[in-house]
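Hi there,

Here is the structure I promised you. Have a look around in your viewer, then read on for what turned up.

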Amino acid sequence: MSHIKNLIPETVNPDLQKERTGAEFQVEEFAAWWQGGQDKLNTKREIEKAIFSDLEDGYGINHEYMSHEEVYNSSVKKVAEAAVKLKALQNKLNPGGTDIWPGFLFNVQSHGLFPSNHPVATHITMFVDVIKGQGTAEQVEKWGKAAENCNIIGTYAQTEMAHGTNVRGIATRADFDPQTDEFVLHTPNLEAYKWWPGGLGHTANHAMVVAQLYIADVHHGVQMFIVPVRDSETHMPLPGIDIGEIGKKLGMVAVNQGFLGLNKVRIPRTNMLMKFAKVERDGTFKASPASRVNYLTMVYTRCLIVNLNSTLLLEAATIATRYSAVRRQSPIEANQPEPQIIDHVTQRLKLFPEIATGMAYHLAAEYMWEMYAQTVKEANSGKFDRLPDMHILSCALKVLCTTDGCAGIERLRLSTGGHGYLTAANMSNIYGNAVAAYTYEGENTVLLLQIGRALVKAWAAFVEKKPVSASYSYFASSMQLKEFPKWDNSWQCIIKALQYTAAQKTRIAFENLAERMASGQSQGVAANNTGIELTRAAELHGRQFVCQTFLEQITGPKAQKRSAALNKVLENVLELFLVQTVLNNLNDILRFINLSDADLRSLQKRLEISLEKFRPNAVAICDGFEFHDRVLNSVLGSYDGNVYPRLFDSAKRSTMNQKPVQKSFETYLKPLMKANL
């Protein structure tokens with residue numbers, strides 16, 4: 001037994017309190033801005049108090065000591081219990097809305113309610129919204145309301161064992177039978193089994209199945225079909241349904257991803273979503289007015305991914321920053337006390353750019369949601385002009401946010417030293433949740449190649465003096481320059497440099513692609529051989545967009561609603577992000593822009609100054625993100641900063657420590673120790 005009692009103090013660690021006292025802005029103003037207004041911030045706090053205050057001791061760590069099956073069943077229990085709370089809060093605070101119920105099943109608070117994740121998120125984020133977005137009014141009435149209230153639970157079954165990002169390669173068939181007015185869905189081989197849909201394993205009783213439509217053996221593209229997969233009373237698989245869980249993963253423990261095989265399963269014709277494409281009773285097919293309309297679902301999901309991964313990055317940054325303000329190690333001056341490790345410049349470089357990166361992607365996601373709402377509004381009116389641009393920008397944001405976010409979370413974990421390796425630090429769970437998005441909803445390299453193809457297509461139009469969409473407008477402004485102007489160190493100069501470099505990389509990719517085709521290579525082979533150049537041009541296209549959006553969000557008209565003190569802090573965050581972006585992409589920038597040694601030294605100096613200015617505000621900025629302790633679920637990142645007592649408390653909770661001697665001692669260890677080997 002430990003002689004240390006009353007482990008966790010009720011006071012805040014003095015080093016952390018010192019950081020908060022020394023901040024140069026009001027955290028409350030930052031938090032209100034970050035949440036979208038004081039009213040939203042107050043509501044968030046009220047809801048968190050209601051949903052988190054009565055959770056049992058050890059709620060966030062107990063699942064780490066459960067079996068795989070126990071984790072799943074515990075998570076389902078938590079969803080059911082949370083549903084009652086959330087529904088009551090919805091009726092109290094915003095009757096008729098969906099922001100609390102079912103919204104809190106997938107927003108940031110869900111990280112605290114469901115520390116091991118849960119199997120209903122795909123139902124809420126995709127199944128429900130796909131029905132509402134691509135179903136007819138009758139279909140929304142039939143399935144949408146029941147799904148929104150979880151009276152039926154669904155999933156989105158697109159990915160197959162052998163086909164993911166290449167949707168056109170999906171092998172599941174849906175054949176129309178005009179005699180019975182039904183579709184017959186069939187999985188032709190093992191490779192065509194649906195694989196990975198969240199909640200499919202043992203939770204969902206319906207699936208939104210993406211399949212190739214055939215009418216009289218004539219192919220009519222990929223369509224979506226609502227397929228019941230389990231009995232509504234017994235939950236047993238329905239006839240013709242082969243269903244189960246795919247097994248344990250690196251992360252997302254309780255999401256219950258599953259497999260699905262269909263053996264000539266019949267569903268009514270009206271189970272195909274028909275807001276856009278339609279199949280009439282006589283088998284007449286009416287194509288969607290826009291061939292890319294099904295991309296709306298993926299655009300929506302990719303916007304969600306950017307929201308999620310930027311949040312996960314900022315959660316990790318908050319944990320690492322608070323820990324770095326508490327941890328003391330390695331004197332900077334000989335014979336001086338050990339400083340907070342946040343005072344080491346190298347530690348700041350690990351922390352602060354990740355905070356800036358998370359903020360940049362968060363604000364880019366906010367801008368994308370505005371664009372998405374406008375795109376849906378136009379699509380409902382029969383206008384689809386904006387879809388291609390939205391698709392490409394959402395691809396770029398998804399790729400960059402998941403790539404930078406995953407790398408950033410790992411850097412932040414490493415910045416916390418050995419303690420960050422503990423599951424109680426929660427860095428491993430955060431990383432496991434984030435890194436999955438590198439692959440799902442479009443593997444990142446495949447998406448970069450899609451963006452690259454769109455870029456060279458737009459470049460071809462630009463060269464032929466045809467109009468290009470607004471997202472490629474920098475082609476013209478960049479190529480009007482005989483050479484890039486003298487570097488002037490302004491933010492606008494950085495944006496123009498990134499755009500100029502992106503345009504030049506696109507030009508080279510276009511020229512090399514054309515040269516390969518002229519030499520006799522087919523378009524496909526030439527594109528494959530130009531893949532490295534296409535992906536690099538695509539990445540730079542995305543980076544200039546994120547930087548431009550961040551600049552507009554921080555310095556644009558919205559800045560007038562914020563205090564001068566807060567704007568000063570936010571402008572330094574912007575400065576750090578822009579300078580770091582330039583420094584990280586110098587290998588391409590220097591190919592096209594003449595930067596002198598003085599220019600490069602200036603950029604390095606700006607980096608160091610921005611880190612120095614960031615230092616007194618780092619903890620306060622992280623406080624401004626308003627992550628509840630339940631959400632962070634970390635012994636290293638709690639608001640009170642009592643790292644070491646929480647570390648020891650979590651160790652004492654290990655199931656191994658509930659008995660002083662394990663049963664393997666008498667059976668194996670003792671005989672081994674006494675053996676004369």
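A crossing of two helices is called left-handed if the near helix is turned anticlockwise from the far one by less than a right angle, and right-handed if clockwise. Keep in mind that this is a predicted model: local features need pLDDT of at least 70, side-chain atom pairs count only at pLDDT 80 or more, and totals for chains, interfaces and linings use all residues. Residues are numbered from 1 along each chain as its sequence is written, and side-chain values use heavy atoms, with hydrogens and water left out.

Let's begin with a pair of helices. Helices (H or I, at least four residues) and strands (E, at least two) are DSSP runs, numbered from the N terminus. The crossing of helix 14 and helix 17 is left-handed. Helix 14 covers residues 491-518 and helix 17 covers residues 564-584; their axes come within 10 Å and cross at roughly 35 degrees. Those axes are lines fitted to C-alpha atoms, for helices over the stretch in contact, and angles run from 0 to 180 degrees between N-to-C directions. Which residues of helix 14 make the contact? They are Trp 491, Ile 494, Ile 495 and Leu 498, and among their partners on helix 17 are Leu 574, Leu 578 and Val 582. Contact means heavy atoms within 4.5 Å.

Helix 14 itself has 28 residues and reaches 41 Å from its first C-alpha to its last, close to the 40 Å expected at 1.5 Å a residue. That expected span is 1.5 Å times one less than the number of residues. After helix 14 comes Gly 520, with a positive phi near 115 degrees. In the loop between helix 13 (474-479) and helix 14 sits Asn 489, which has a positive phi of about 70 degrees although it is not a glycine.

Why is that worth a look? Most residues other than glycine have a negative phi, and most peptide bonds are trans. Asn 256 is another non-glycine with a positive phi, about 60 degrees, and it lies in the loop between strand 7 (241-245) and strand 8 (258-262). Asn 256 is buried, because its relative accessible area is 2%, whereas Asn 489 is partly exposed at 27%. Here buried means under 20% relative accessible area, exposed over 50%, and partly exposed in between (1.4 Å probe, protein chains only). As for peptide bonds, the one joining Trp 101 and Pro 102 is cis, with omega about 10 degrees. Pro 102 belongs to the loop between helix 4 and helix 5 (110-113).

Now for the UniProt record. Its positions are given in the numbering used here, feature names are shortened, and annotations may be inferred rather than shown by experiment. The unreviewed entry places the feature "active site" at Glu 441. Is Glu 441 buried or exposed? Glu 441 counts as buried, because its relative accessibility is 16%. Its loop runs between helix 11 (427-435) and helix 12 (444-463). Leaving aside neighbours within four places in sequence, Glu 441 is in contact with residues including Met 126, Arg 302 and Lys 398.

The unreviewed entry also lists residues 27-153 as "domain: Acyl-coenzyme A oxidase N-terminal". Over residues 27-153 the chain is 63% helix and 0% strand.

Enjoy exploring!

Best wishes
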